[in-house]
Each structure stands twice: as structure tokens, then as C-alpha cells.
Amino acid sequence: IMHNKGTLQIHHFHVLPTSKMLIFIFILYFRCENNSAKEPVAKRAKANKHPTWSWKTEDDIDMAPQALRFLPTREPGPQLRPCDAHTPMSLFKTFFSETAVSTLCRNTNAQAARACAKGHKYKWTDVSISELYCYIGLLFYMAMVKLSSITDYWRQNNLFSVSFPATIMSRDRYHTISWNLHMSHPDADQDNDRKRGTAEHDRLFRVRPLMDTIRHACKAIYHPRKNLAVDERMVACKANTGMTQYMKAKPTRWGFKLFVLADSSNRYIVDFAVYTEKNNFPTSHGLSYDAVTPLLDHTAGIVLASGYHVYMDNFYTSPKLLTDLFALKFGASHYAGLCLLRCEFMIVDAYSHMTFTNKKYDFHII
């Protein structure tokens with residue numbers, strides 16, 4: 001192959017299939033080079049512009065970044081007053097407040113009224129706040145005491161019968177509350193359903209009132225320590241919701257996938273986000289970027305302040321994410337398997353790239 005003044009000459013010789021592919025790539029390269037030579041200088045410079053950030057190679061010299069001071073906005077740890085007496089119920093109400101449960105009651109009653117108007121034949125009386133707390137307590141009880149079916153919890157003619165649920169509410173009352181339980185208002189549900197297929201449609205609209213209450217409570221009653229971790233967590237569910245995921249490597253393989261920000265010292269969940277769809281990228285930087293940045297957003301909820309260190313696996317790490325976190329005064333590290341790899345921050349040359357011979361657990365420095 002000879003390239004002479006913009007012309008390409010290929011001398012006759014025996015070519016293997018792989019070599020034929022290389023020749024074709026060379027032809028495209030020389031054609032593009034020849035066309036770019038005819039372009040104006042300014043246009044050609046714009047086309048040849050390299051990305052600002054990229055991974056450095058393992059041969060580049062590492063430079064230690066400026067150390068970030070750990071300055072939390074609150075004293076790390078529980079934010080409850082130690083002088084107050086706390087019962088299990090009072091601690092539970094920090095997450096399920098009476099205001100949130102009152103909203104659930106109002107929306108559940110509205111849904112039951114709508115169902116009765118459509119001809120559903122069952123006896124309904126409006127659910128109260130205390131009754132709904134009892135219903136939630138039964139859900140926790142059933143999660144711990146496993147029986148074959150719901151009706152078995154009220155069955156009394158069996159050697160293995162349990163008496164507790166019948167002392168809380170009747171079986172029919174439990175069923176009617178379950179059929180009508182609603183976290184959002186039915187009229188607002190219809191407005192959201194009409195937006196289906198558009199960017200304004202919220203797939204989590206029906207659970208968002210309670211979900212946002214729990215998220216705010218998680219951040220309000222506890223301030224995390226210095227080391228944080230971002231990872232996925234599965235909530236077991238096999239219902240056909242359109243958002244159920246299958247993750248082979250997780251202990252819980254089927255369910256809702258959550259992106260979780262947790263305190264590394266005790267696994268406390270500081271914040272979480274529910275994965276809804278693969279192509280929902282608000283910032284156009286991809287899922288891995290958009291999964292992390294909302295969890296550390298200074299404008300949303302409780303401000304963590306500066307000096308925190310975030311650990312994440314290679315699914316999330318990218319030059320764009322790590323540099324943006326450093327601009328927010330967050331350090332970040334990439335861990336792989338059992339190896340914890342410390343990633344320091346530095347400005348890189350525009351022509352630095354990771355080589356194809358890098359091993360699985362090589363240092364990735366930006």
C-alpha cells in the first residue's frame with residue numbers, strides 16, 4: 001500500500017481476510033484525510049478537537065490531589081435528641097409520620113368511593129389514621145410470620161393457627177383496605193396516565209408521596225459519616241409492573257432495582273432512587289452518571305457539605321462523574337471485587353487514553 005500526494009495505490013499481492021479488512025479501514029482513513037485537507041483550517045481544527053477529560057495510562061506519573069477537609073453541616077450520627085424517650089412506635093413514626101398516613105387515608109377513602117360508585121359490592125367505611133397504622137403493622141407481621149395464604153392468618157381450625165391478626169381487624173376489612181390502598185389521589189392518577197408516552201409521565205407517581213416522605217426522613221434523622229458508598233439494591237417483587245428487573249449476580253434476582261447511597265460504617269441508607277427505565281438520562285451523560293449525581297445533589301434535601309468520600313464500582317466511574325464530584329468537594333474511589341482502588345484527582349492530558357492491555361484491577365487515574 002502506498003500513499004502518494006492524495007492518491008492511494010494498492011499493489012497486487014495475496015491478502016488474508018483480516019488483511020482485507022485492514023486495507024478497507026486504511027482506504028477510509030486516507031479518504032477522510034484527503035477530504036479534511038480541503039476543508040478550511042478553522043473547520044478542520046474544530047473537527048479534530050479532543051475530549052477534555054480521559055483516563056490516564058498506567059505509565060503516567062500520579063499526582064496527589066489537594067486534600068479535602070471533612071466539614072459536615074451537622075454532627076455525624078443520629079439526629080435524635082438523647083434526652084427524649086423513644087419507643088418503637090415513635091421511631092417508626094419518624095418514617096411514617098401521621099401527616100403521611102393521613103394523606104394515605106384520604107387517598108384510600110377517595111379510591112374506595114370511586115370503586116363503590118362503579119358498582120363494587122363490598123361494605124366500606126372510611127379508614128382512619130389509627131386503623132391504617134394497624135394495617136401497616138399487620139403487613140410487617142405477615143412479612144415475619146410466613147403462611148401459605150392470606151386467609152390462613154385468620155383460620156382458627158388448624159393446629160398451626162395464629163391468633164394475632166384476628167385481634168387487630170377482620171379478614172374482610174383487611175381485604176377491602178388492600179383493594180383500595182392508594183398513596184396518590186385517583187384524580188391525579190388519571191391526569192398522570194394521560195401523559196403516558198411523554199417525558200412528563202411519572203412512572204412512580206402512585207408511590208411518590210410516601211416514597212418522598214421516607215427519603216426525607218432517612219436524611220433528616222441521621223447524618224452520615226465521612227465514607228459513603230453507592231451501589232444497587234434489589235427489592236423483591238415479581239409483579240408485572242414494567243419496572244421489575246432481573247439481576248443474576250444479586251441474592252435477590254427479581255424485583256425493583258434501587259440506586260442507594262449508604263453510610264459505609266453501618267450500611268444506613270441515606271438516600272435512594274428507583275430505577276424506572278434504561279433511556280431516561282436527564283443530563284445525557286448516561287445511566288451511571290445520572291444514578292449518582294441526584295443522590296449527592298446539594299440542592300435536594302439535606303446538604304452533606306464537603307470532604308465526603310464516595311466509593312463505587314466500575315459501573316459508575318467515569319472521568320466526567322469524578323471531576324464533577326471533585327468540583328462539589330466530594331472525593332471518590334473505585335473498588336472492584338475485593339480490591340479497593342484509590343482514585344486520585346488530577347487534570348489529564350487530552351491525549352491520554354486507557355490502553356487495551358490494562359488488567360481488570362489496574363489503577364484508573366484522572
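**Entry 1: around helix 11.** I began just after helix 11, where Lys 329 has a positive phi of about 65°. I kept in mind that this is a predicted model. Stepping back into helix 11, residues 319–327, I looked up burial: Pro 319, Leu 321, Leu 322, Thr 323 and Leu 325 are buried.

**Entry 2: the cores.** Which residues have the most contacts inside the largest nonpolar core? I found Leu 261, Leu 296 and Tyr 316, in a core of 26 residues. Helix 11 turns up again here: along with strand 6 (227–236), strand 8 (254–263), helix 10 (287–292) and strand 11 (309–312), it supplies at least two residues of this core. Helix 10 gives the most, with 4 residues.

I then followed Leu 261 itself. Leaving aside residues up to four places away in sequence, Leu 261 touches Leu 228, Ala 229, Val 230, Tyr 268, Ile 269, Val 270, Asp 271, Leu 295, Leu 296 and Leu 304. I also noted a second, separate core of 23 residues, which includes Ala 115, Tyr 122, Tyr 141 and Met 169.

**Entry 3: a helix pair.** Next I checked how helix 5 (residues 129–144) meets helix 7 (residues 171–180): their axes come within 11 Å and cross at roughly 95°. Angles of 65 to 115 degrees count as roughly perpendicular, so helix 5 is roughly perpendicular to helix 7. On the helix 5 side I listed Glu 131, Leu 132, Tyr 135, Leu 138, Leu 139 and Met 142. Helix 7 answers with Arg 173, Tyr 174, Ile 177 and Ser 178. How do the residues of this contact divide? I get 7 nonpolar, 1 polar and 2 charged.

How values were computed. Residues are numbered from 1 along each chain as its sequence is written. This is a predicted model: local features need pLDDT of at least 70, side-chain atom pairs count only at pLDDT 80 or more; totals for chains, interfaces and linings use all residues. Side-chain values use heavy atoms; hydrogens and water are left out. Axes are lines fitted to C-alpha atoms, for helices over the stretch in contact, and angles run from 0 to 180 degrees between N-to-C directions. Angles under 35 degrees count as roughly parallel, over 145 as roughly antiparallel, 65 to 115 as roughly perpendicular and the rest as oblique. Contact means heavy atoms within 4.5 Å. Ala, Val, Leu, Ile, Met, Phe, Trp, Tyr, Cys and Pro count as nonpolar, Asp, Glu, Lys and Arg as charged, and the others, Gly among them, as polar. Buried means under 20% relative accessible area, exposed over 50%, partly exposed in between (1.4 Å probe, protein chains only). A nonpolar core is a set of buried Ala, Val, Leu, Ile, Met, Phe, Trp, Tyr and Cys residues joined through side-chain atoms within 4.5 Å.
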